[in-house]
Amino acid sequence: MDQSVDIPEVTRGEVPGTAQVPAGSVGPDTVRPAEEVLGAGRSQSAGTFRFWLADQRWEWSDEVAIIHGYEPGTVQPSTELLLSHKHPDDREQVASIIARTVETGEPFCSRHRIIDTKGVMHHVLVVGDDMLDGDGEVIGTSGYYVDITNALEEDRRQTLDGALPELYSARAAIEQAKGALMLIYGITADQALRVLTWRSQETGTKLRALATQLVSEATTMEGSMVELRTRFDHLLLTVHERM
């Protein structure tokens with residue numbers, strides 16, 4: 001059900017410049033525009049974010065602003081603004097994750113609900129990794145917001161189906177990869193497929209090959225659920241580099 005949300009007054013203007021990172025690092029220069037993820041000219045459901053630890057500064061792509069209900073270029077995000085959009089039942093959890101990111105430098109990763117400026121609820125998956133400076137030191141976290149709300153429009157379903165010609169010939173590997181995402185993120189099978197499709201399109205790799213490599217590397221991961229989540233986020237964002 002749609003809900004209202006109290007939006008604090010925010011500073012409007014351009015987002016400050018980005019930091020430099022070495023080639024191959026996850027950071028401002030390696031987070032690709034969301035139009036390359038889902039295709040230019042279509043309703044976007046994925047976008048990029050960056051968070052700098054030193055001054056706790058956030059940056060959103062236009063797509064993330066739109067997911068939250070803002071016109072591109074009209075809002076500068078802050079931790080206060082982010083938390084104001086979280087579903088009341090998820091706000092404390094996300095606040096704790098952000099606090100842990102600030103304290104430990106751990107990437108910002110979460111699955112939660114947000115309420116946009118029109119009161120519409122979205123289910124989002126936030127997949128992040130370390131953002132590094134030129135010396136390889138962690139200066140923040142960067143990654144993607146993916147809107148995984150179940151109620152997809154019919155034309156989006158058709159676009160998704162058309163992007164998966166190899167789905168039926170590679171069912172086993174894809175189903176295993178979906179199962180891994182469902183376990184790690186606590187999402188549904190349809191949402192897991194959407195995330196896999198997003199990574200396949202964003203990296204320009206075949207869905208079957210991506211799924212196979214993801215499952216192969218995921219089976220070697222060990223640790224607590226918190227550790228597994230952080231490691232799996234890194235795996236999801238970098239697995240294509242080892243194919």
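**How the terms apply to this structure**

Strand β1 (residues 46-52) and strand β5 (residues 138-147) pair in the antiparallel sense over seven bridges. The model is predicted, so local features need pLDDT of at least 70 and side-chain atom pairs count only at pLDDT 80 or more, while totals for chains, interfaces and linings use all residues. Residues are numbered from 1 along each chain as its sequence is written, and side-chain values use heavy atoms, with hydrogens and water left out.

Q: Why are β1 and β5 called a pair?
A: Two strands pair if DSSP finds at least two bridges between them. β1 and β5 have seven bridges, so they pair by that definition. T48 stands opposite Y144 in β5.

Q: What makes β1 and β2 a pair?
A: β1 and β2 are joined in the antiparallel sense over four bridges, and F49 stands opposite W60 in β2. The two strands form a hairpin with four residues between them, and Q56 in the turn has a positive phi of about 50 degrees. A strand here is a DSSP run of E, at least two residues, and a helix a run of H or I, at least four; both are numbered from the N terminus.

Q: In what order do the five strands of the open sheet stand?
A: The order is β2-β1-β5-β4-β3, with antiparallel pairing. β2 (57-60) and β3 (110-115) stand at the edges with a single partner strand each, so one side of each has no neighbour in the sheet.

Q: Which strands does helix α4 touch as it packs on the sheet?
A: Helix α4 (residues 91-104) touches β1, β2, β3 and β5. Contact means heavy atoms within 4.5 Å.

Q: Why are the residues of β2 described as pointing two ways?
A: In a regular strand the side chains alternate between the two faces of the sheet. In β2, R57 and E59 point one way and W58 and W60 the other, and all are buried. Buried means under 20% relative accessible area, exposed over 50%, and partly exposed in between (1.4 Å probe, protein chains only).

Q: How do you know that the span of α6 is close to the expected one?
A: The expected span is 1.5 Å times one less than the number of residues. Helix α6 (residues 171-185) has 15 residues; 21 Å is expected, and the helix reaches 21 Å from its first C-alpha to its last.

Q: Which residues of α6 are buried, and which are exposed on the other side?
A: The buried ones are A173, I174, A177, K178, A180, L181, I184 and Y185. They cover an arc of only 155 degrees around the axis, which puts them on the same side of α6; the arc is that of the directions from the helix axis to the C-beta atoms. On the other side, A172, Q176 and L183 are exposed.

How values were computed
Axes fitted to C-alpha atoms, helices over the stretch in contact; angles between N-to-C directions.
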